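Q: Hey, can you walk me through this protein model? I'm new to reading structures.

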Amino acid sequence: MDRTIASLALLTLAAACGPSGPSTGPAPVDTLRIGTGAGAGTGRIERLVYQPVSPALPAIPAVNGALAIRVTHPTQGQARPRVDSTFIYGTVGTGQAALEINGTAVPVAPNGAFIAYLPMPQDGTWRLRAQRGAEEVTQSVSYATPSTGTGSTGGNAPSTNAVYATPRLGTVTGGADTLATGSDAIYARPTPTGTYRWFFPRGARLAVAERRGDQYRVRLGGETDAWIDASALTLADTTSAAPQPGPVNAGIAASADGLNVRIRAGGRPFLVETSETGAAITVYGANGGTLTPATRFGGWFRAAEQTAVAGGTQIALTLAGGAWGYKAWYEANGDLTVRVRRPPTIDPANPLRGRRIVIDPGHPPAGATGPTGLYEGDANLAISLPLAAKLRAAGAEVILTRTGREGLVSSTNSGEELRARVALAVSRDAEMLISVHNNAFGEGANPFRAQGTSVYYFHPFAAALARELDREIVAVTRIPDIGARQQNLALARPTWFPATLTESLFMPIPEQEAALRDPAFVERLADAHVRGIEAFLRARAAAQAGGGR
């Protein structure tokens with residue numbers, strides 16, 4: 001059971017209607033002073049003892065600075081979230097203070113930090129009052145007043161909606177010519193708001209069946225439809241026919257880093273799926289064809305076959321140890337080339353020797369800030385620098401996406417920065433990418449139940465790396481294990497190599513933020529990342545020794 005701060009047992013009464021239920025703690029309810037939520041109280045505030053959410057972490061150092069309230073979250077004037085209960089955190093400058101928020105006593109950590117999960121104030125204002133001896137300070141933070149105007153409610157104008165009786169030809173003209181970073185090609189989803197499933201480089205020819213607002217519904221093949229941003233497609237005139245079903249032939253040839261599968265796709269859409277035993281390339285709107293492998297079987301490349309599947313044809317590759325990654329592009333004549341990457345040769349005695357690894361200290365732009373002001377980007381860099389040094393000492397070639405607070409692009413646009421980081425990794429022909437982060441909460445989340453260590457991946461060939469990293473990191477953090485999970489994140493989407501994003505701790509939790517200020521603990525986190533990477537490579541080396549090369 002998750003531990004929590006003593007005073008938050010009040011939520012069994014005050015926030016039982018919250019979306020995630022009340023937060024309960026080890027202190028009995030009758031020791032608390034439960035406020036009405038209407039505003040700040042008067043008189044003496046009961047000083048509650050802070051009980052760490054994560055007691056296995058290093059003890060929070062004591063701080064007895066000036067009594068001053070600084071709320072880190074929420075910020076003044078931010079939009080009011082549509083939730084029943086949410087969190088508020090910051091610092092009062094000293095661990096010797098007593099704190100009250102909207103009439104409810106809240107514990108203060110030894111360094112002055114606080115975090116609480118409370119019912120949303122009805123008037124949209126948090127009123128805080130802190131005392132130390134005879135001193136008292138107050139502070140208030142208000143959400144922006146919701147608009148009561150009668151302007152447009154948004155949505156799509158009728159003129160942007162259309163269903164085409166005969167599907168129209170749409171050609172992907174947005175994005176890049178080659179799929180490699182996962183952020184370069186144009187993505188499509190199985191539903192208008194679903195997660196990414198298909199990635200199309202320029203030149204893909206699609207049968208457009210409907211426009212709905214700023215998206216097109218395209219027919220891939222059979223009963224399979226996908227939704228794609230309208231801005232990514234150029235529609236041909238009504239006299240141009242959409243791709244028609246037909247046979248596609250394919251050939252397989254060796255390349256310097258694996259093999260090339262060239263398919264006479266005629267610009268048809270495709271899907272690449274990988275597993276521990278191989279890769280499958282589905283070409284939609286095709287019905288049969290001839291597969292001609294032009295390279296010898298054996299070693300890594302074991303077998304290939306082309307079979308009919310629902311909505312198209314599929315080329316299945318049997319690869320000992322699976323694919324390390326892939327790229328895909330259309331040739332000028334509409335042929336589709338998929339380059340499947342062979343795993344590197346790994347030294348069993350020293351799996352890190354010779355490996356080219358990109359370490360990405362997550363952020364800026366954006367990023368979370370802890371109660372006492374530690375910026376996540378700084379915490380991520382503090383882990384990444386010793387991590388890079390340890391990997392280099394073991395013989396790896398390490399590329400850092402940043403070594404200071406500056407990103408790769410002079411922009412505050414997070415999307416541009418993320419695209420630049422994965423593009424750097426691909427351009428340097430990296431073999432792995434690990435993006436180092438620490439986590440934060442979405443509005444309305446109960447921070448005493450939602451916190452934990454996690455590692456994210458997107459493609460199946462990165463799942464084992466994510467699992468090894470998670471196993472090693474959680475052994476150091478000793479907080480709940482959220483686990484290795486698939487998630488649509490830019491730094492986890494590259495297709496050319498295994499890529500993961502680690503989330504060791506949560507910035508808003510006082511002792512987790514404090515641990516990230518502790519050099520000895522940060523060193524242990526860096527060591528955990530090294531062990532996770534090494535364990536993944538060691539397992540792959542063992543597979544190669546068993547005939548998986």
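Q: Where does Arg-392 lie?
A: Arg-392 is part of helix H2. Helices here are DSSP runs of H or I with at least four residues, strands are runs of E with at least two, and both are numbered from the N terminus.

Q: Before we go on, what kind of model is this?
A: This is a predicted model: local features need pLDDT of at least 70, side-chain atom pairs count only at pLDDT 80 or more, and totals for chains, interfaces and linings use all residues. Residues are numbered from 1 along each chain as its sequence is written, and side-chain values use heavy atoms, with hydrogens and water left out.

Q: OK, back to Arg-392. Why does Arg-392 count as partly exposed?
A: Because its relative accessibility is 42%. Buried means under 20% relative accessible area, exposed means over 50%, and partly exposed is in between (1.4 Å probe, protein chains only).

Q: And what does Arg-392 touch?
A: Leaving out residues up to four places away in sequence, Arg-392 touches Val-398 and Leu-400. Contact means heavy atoms within 4.5 Å. As for Arg-355, 37 residues separate it from Arg-392 in sequence, and the C-alpha atoms are 9.5 Å apart in space.

Q: New topic. Which residues touch the most other members in the largest nonpolar core?
A: That core has 58 residues, and the ones touching the most other members are Ile-357, Ile-359, Leu-391, Met-432, Phe-497 and Ile-533. A nonpolar core is a set of buried Ala, Val, Leu, Ile, Met, Phe, Trp, Tyr and Cys residues joined through side-chain atoms within 4.5 Å.

Q: Which helix gives the most to this core?
A: Helix H7, residues 519-545, with ten residues. There's also a second, separate core of 52 residues, and Trp-198, Ala-204, Val-208 and Ala-492 are among its members.

Q: What does Ile-359 touch?
A: Not counting residues up to four places away in sequence, its contacts include Leu-391, Val-398, Leu-400 and Ile-434.

Q: How many residues does H7 have, and how far does H7 reach?
A: H7 has 27 residues and reaches 39 Å from its first C-alpha to its last, close to the 39 Å expected. The expected span is 1.5 Å times one less than the number of residues.

Q: What caps the N-terminal end of H7?
A: Asp-518 does: one of its side-chain oxygens lies 3.0 Å from the backbone nitrogen of Ala-520. That's a polar contact, a pair of N or O atoms within 3.5 Å; within protein, one must be able to donate a hydrogen and the other to accept it, and residues adjacent in sequence count only if both atoms are side-chain atoms.

Q: Let's switch to Gly-370. Is Gly-370 buried or exposed?
A: Gly-370 is buried, with a relative accessible area of 0%. Gly-370 lies in the loop between strand E25 (356-361) and helix H2 (376-393).

Q: Which residues does Gly-370 touch?
A: Thr-72, Tyr-89, Met-507 and Glu-513, not counting residues up to four places away in sequence. Met-507 is 137 residues from Gly-370 in sequence, yet their C-alpha atoms are 4.7 Å apart in space.

Q: What about Thr-72, where does Thr-72 lie?
A: Thr-72 lies in strand E1, residues 70-73. Thr-72 counts as buried because its relative accessibility is 18%. A polar atom of its side chain lies 3.4 Å from the backbone oxygen of Gly-370, and one lies 3.1 Å from the backbone oxygen of Pro-371.

Q: How many aromatic pairs are there?
A: Nine in the whole structure. Rings of Phe, Tyr and Trp (its six-membered ring) pair if their centres lie within 6.5 Å; planes under 30 degrees apart count as stacked, over 60 as edge-to-face and the rest as tilted. Phe-87 and Tyr-89 form a stacked pair, 6.2 Å centre to centre with 20° between the planes. Both of these residues are buried.

Q: Last one: where are the cis peptide bonds around Pro-364?
A: One joins His-363 and Pro-364, with omega about -10°, and another joins Pro-364 and Pro-365, with omega about -5°. Pro-364 lies in the loop between E25 and H2, and Pro-365 lies in the loop between E25 and H2 too. For background, most peptide bonds are trans.
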